[in-house]
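Here is my note on the two-chain model you sent over.

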Amino acid sequence: MSLKSKFSIALLLSFVLIFSMVTLAAAQDTKVEIFSWWTGGGEEEGLQALFEVFKEQNPNIEIINATVAGGAGSNAKAVLKTRMVGGNPPDSFQVHGGAELIDTYVKTGMMQPITGLLEEWGVRNNFNQQILDMVSHEGEIYAVPVNVHRGNVAFFNKAILEEHNITPPTNIYTFINALKKISEESDVSPLALGDKNKWTAGHIFETILVGTLGPVKYNGLWNGSTSFDEPGVRESLVVFKEIMNYVNEDHAALTWQDAAQRVLNSEAAFTIMGDWAEGYFKTLGWTPNKDFGWVSVPGTRGSFMVITDTFGLPEGAPHPEGAKAWLKLIASKKGQDTFNPIKGSIPARIDADKDKYDPYLTDSMHDFATVTLTPSIVHGSAAPEGFVTALNDIINQFVTTGEVDNAHQRLIEAANEYL
Amino acid sequence: MKKTAKEKLISFAILSPSLLFIGIFVYGFIGRTAQISFLNWNTFSRLLQGEKNYVGLKNYIELFQNPRFQTDLWNTLYFTLFFIIACLAIGIFLSLLLNNKPKYGYLFQNIYLFPMAISFVVTGTVWRWIFSPGTPGDPYGVNLLLSRIGLTSFQWKWFTSTESFLFFNIALIPVIIAAVWQFSGYTMAMWLAGLRGIDEQLIEAAKIDGASNWQIFSKIIFPIQKPITLSAIIVLAHVSLKAFALIYSMTGSGPNNVTDIPAVYMFESTFRANRYSTGSSIAIILLMMVGLLIIPYLINSFKED
């Protein structure tokens, strides 16, 4: 056989191979690719439970579980953006409701409205209206909120607090006194923090900011009715600096999970984290109200820092039918009641079955219905991603330098640039 | 050997696919990155709209005024410097030891070279555990070892330390140790290959003339090995500029960016903050830094040819 004919056969074979792959992919429309960053403790188990229900309801649809690990989706978001820009969207993806969804994907025309679908399934009125507002743009709904997390929670090791005769603090002064007392009386870190990934320090800062400003003024920061010149903003930096005196010395080497472990191992008393930490505690075998307790971050009782994970329908999703089946499941009462008790979050629907939730979550559901909702900055609900990154940078440097005026000035500059 | 026109054509035909792909995927994309670095694509929607508004050097000027980027440049300078010096010193020392063909020499040769086969992510993760400082009451890793053997005064905060000396952030020391652990075996292998090629008679002649071991090393071996040392430096230098995976998995940017490098900042600007033009500017600066190292080397080797 001559070289030439060998080459043409090889070429032919490659084409056959490529075409067979293409036709194979086209023949199987019964797939759905779900993109999320749910790889940690309770999150992954919740997602798997949801997949089980999905398989029961849709035995013909194969699930492709596309997850990218990394706290608060920091790595997943980069992967997702590349896929979206490259015209290779997953069928449905996890995105925080608020600015992250609306600014990045809706205003740029990458999402399909799903208002009609929610009405068709008769679930639109079962959702908390304020949450639907966070995923809406110009009157159309663009995503199904699966869950609601609260950001401003301080979890504590009950045994340590009892040992030091401390009652759970309710305002910032009693909180600082409690931290001080623990640091004076023992080797235990008063407050556990793991800010190897910068956002956790920003997370503490935003919960303090909502405390010093109050929920109404805090919400005003995002629509322009409150200025970053406000004295409360500077005060929040002062309080934050004070609280950072009581964190574990090696905070820069840890993640939020490591910090939660410190509380679990009785090496630290408090940790300020969103209530996904509650799901994490439970997977590690802790019982709410028995081993660990919680309060809203002292001084923020009237605020509910909302983080909501949502899923939408991208333009050009390769398997829209699969995606719709997925959205229908997570919008349903059964879907929400399957996922949320395991993940340690509360449903975005208002008709959920309260019996399925543990004492912490029922407590949170009560607050959710009664106090003012405030969008989280570091989790992308309040402000564009440019501002979030700038804030994390400012706080990261502030933790070391402690220069209040400099940090305040840079916050104002960041707000002018991005908001 | 003279090549016929037909042979030239064939060699060009064989090379052309790779030339084409390198042209598109390397130089084309470098050009595209350079273009974006002069635009104002600092939000996601501007990227999508794709309107080309040139802003000149604005992105570059803002970067050099940015304290984080200034820290990054200092970190890169010191990291590269210490990384290369330590890799050369340790690698050359090991190669000289092994060149005497000690018992089990091949075993040790493999042990020293082995870390190179591991990815930076694995190295970073493991060395993060080793150097994680823990708290004074509950030390971890090396600090735990130090407290077990009673050397508590040598405990420090390792890569979470925020102190610096002449702009050198001491938190970089553990990172440099990890990188040197991984790459000193590379210098060793390069040098060993060179040493095996040195004519024994040359060394013996020097010995007969009464040269000391140090004289043999500094006057004979080192000059002969100069080209090898130079190539090792070039490779190590560009590894240090690309240490993203090591830093990212081991320490992150660190408190007050003590272990931040331009590559991490580039990633965060581009994919977290959606500041594509800022990210591209950092990429171009990194490229120029690599060029600064490699171009003189290339010119030099072309001259020798």
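1. I start with a loop in chain B. Trp158(B) sits in the loop that runs between α7 (141-148) and β3 (164-165) of chain B. Its backbone deserves a look in the viewer: Trp158(B) is not a glycine, yet its phi is positive, at about 45°. Please keep in mind throughout that this is a predicted model.

2. Is Trp158(B) buried or exposed? The cut-off for a buried residue is 20 or more other C-beta atoms within 10 Å. Trp158(B) has 27 C-beta neighbours inside 10 Å, so it counts as buried.

3. Leu166(B) also has a positive phi, near 50°, and is a residue other than glycine. Leu166(B) belongs to the loop between β3 and β4 (168-169) of chain B.

4. Another tryptophan, Trp181(B), is placed in helix α8 (residues 172-196) of chain B. Trp181(B) has 18 other C-beta atoms within 10 Å and so is partly exposed. Between Trp181(B) and Ile30(B) there are 151 residues in sequence and 32 Å in space, taken from C-alpha to C-alpha.

5. Helix α10 (residues 213-224) of chain B has 12 residues. From its first C-alpha to its last, α10 of chain B reaches 15 Å, close to the 16 Å expected at 1.5 Å a residue. How many of the 12 residues of α10(B) are buried? The count is 1, and α10(B) is hardly covered.

6. For chain B as a whole, the secondary structure comes to 14 helices and 4 strands. The C-alpha atoms of chain B fill a box of roughly 75 × 75 × 30 Å along the principal axes. Of its 305 residues, 33% count as buried. Among the contacts in chain B between residues at least 6 apart in sequence, 69% join residues at least 24 apart.

7. Chain A has 18 helices and 14 strands. Its radius of gyration is 23 Å, close to the 22 Å that the globule rule gives for 419 residues, so chain A is as compact as a globular protein of that length. Along the principal axes, the C-alpha atoms of chain A fill a box of roughly 85 × 50 × 45 Å. Buried residues make up 51% of chain A. Of the contacts in chain A with a separation of 6 or more, 79% are between residues 24 or more positions apart.

8. Chain A is divided into two domains: domain 1 covers 29-149 + 308-366, and domain 2 covers 153-305 + 373-418. The C-alpha centres of the two domains lie 27 Å apart. Where they meet, 26 residues of domain 1 of chain A are in contact with 25 residues of domain 2 of chain A. On the domain 1 side, α2 (41-57), α4 (99-106), α6 (129-134), α15 (333-343) and α16 (359-370) of chain A each supply at least two residues. By class, that side of domain 1 has 6 nonpolar, 14 polar and 6 charged residues.

9. The largest nonpolar core has 157 residues. Those with the most contacts inside it are Phe155(A), Leu191(A), Ala260(A), Leu327(A), Val175(B) and Ala179(B). Why does this core lie between the domains of chain A? Domain 1 and domain 2 of chain A both give residues to it, so it lies between them.

10. Leaving aside residues up to four places away in sequence, Val175(B) touches Phe159(B), Leu246(B), Ile247(B), Met250(B), Thr251(B) and Thr259(B). There is also a second, separate core of 6 residues, including Ile92(B), Tyr112(B), Met188(B) and Trp191(B).

11. Between the chains, 26 residues of chain A are in contact with 27 residues of chain B. On the chain A side, α3 (74-85) and α17 (385-401) each supply at least two residues. Which element gives the largest share of that side? It is α17(A), with 9 residues. By class, the side of chain A that touches chain B has 4 nonpolar, 12 polar and 10 charged residues.

Definitions and conventions. Residues are numbered from 1 along each chain as its sequence is written. Chains are lettered from A and ligands numbered from 1 in the order in which they are written. This is a predicted model: local features need pLDDT of at least 70, side-chain atom pairs count only at pLDDT 80 or more; totals for chains, interfaces and linings use all residues. Domain bounds come from an automatic or database domain assignment. Two residues are in contact if their C-beta atoms, placed from the backbone, lie within 7 Å. Ala, Val, Leu, Ile, Met, Phe, Trp, Tyr, Cys and Pro count as nonpolar, Asp, Glu, Lys and Arg as charged, and the others, Gly among them, as polar. A nonpolar core is a set of buried Ala, Val, Leu, Ile, Met, Phe, Trp, Tyr and Cys residues joined through C-beta atoms within 7 Å. The radius of gyration is taken over C-alpha atoms; the globule rule is 2.2 Å times the number of residues to the power 0.38. The expected span of a helix is 1.5 Å times one less than its number of residues.
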